[in-house]
Amino acid sequence: MCQIRNVNVKVEKFEDKYFSKKSDYKKNMNNANEFFDAEKPEKQKFPQEKKDDQKIVDAALIKLVESVPDLNTYLGARFSIKYGMKPHKLVF
């Protein structure tokens with residue numbers, strides 16, 4: 001198992017509530033007629049705050065991945081199971 005340690009990113013705010021969507025569109029529909037007659041709301045744009053958070057986390061992780069030899073190659077390697085291989089018997 002591969003672990004990356006010493007990531008200097010504050011992750012306290014990344015909880016389930018951070019990733020949830022705020023949409024009551026389907027909850028307010030009682031029957032099919034209301035559903036098809038209602039106007040669809042505009043698509044919400046991805047918040048700039050979340051884009052900035054992603055850039056911060058990515059920058060920290062990329063530094064750590066590049067500092068470990070062969071980790072980038074390992075993470076990019078293709079994993080596949082061929083006919084006859086038993087996943088529960090694989091040893092890594």
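This is a predicted model: local features need pLDDT of at least 70, side-chain atom pairs count only at pLDDT 80 or more; totals for chains, interfaces and linings use all residues.
Author: Residues are numbered from 1 along each chain as its sequence is written, and side-chain values use heavy atoms, leaving out hydrogens and water.

Reader: What makes Lys13 and Asp53 a salt bridge?

Author: The term requires a side-chain nitrogen of Lys or Arg within 4 Å of a carboxyl oxygen of Asp or Glu. The N to O distance between Lys13 and Asp53 is 2.9 Å, so the pair qualifies. The structure holds one salt bridge. Its partners lie 40 residues apart, with Lys13 in the segment before α1 (16-19) and Asp53 in helix α3 (residues 48-67); helices are DSSP runs (H or I, at least four residues), numbered from the N terminus.

Reader: Why is Asp53 called buried?

Author: Buried means under 20% relative accessible area, exposed over 50%, and partly exposed in between (1.4 Å probe, protein chains only). Asp53 has 8%, and therefore counts as buried.

Reader: Why is Lys13 called partly exposed?

Author: Its relative accessibility is 42%, so Lys13 belongs to the partly exposed class.

Reader: Which residues is Asp53 in contact with, leaving aside its neighbours within four places in sequence?

Author: They are Lys13, Phe14 and Tyr18, where contact means heavy atoms within 4.5 Å.

Reader: Why is Phe79 called exposed?

Author: Phe79 has a relative accessible area of 55%, and is therefore exposed. Phe79 is placed in the segment after α4 (71-76).

Technical notes. Helices (H or I, at least four residues) and strands (E, at least two) are DSSP runs, numbered from the N terminus.
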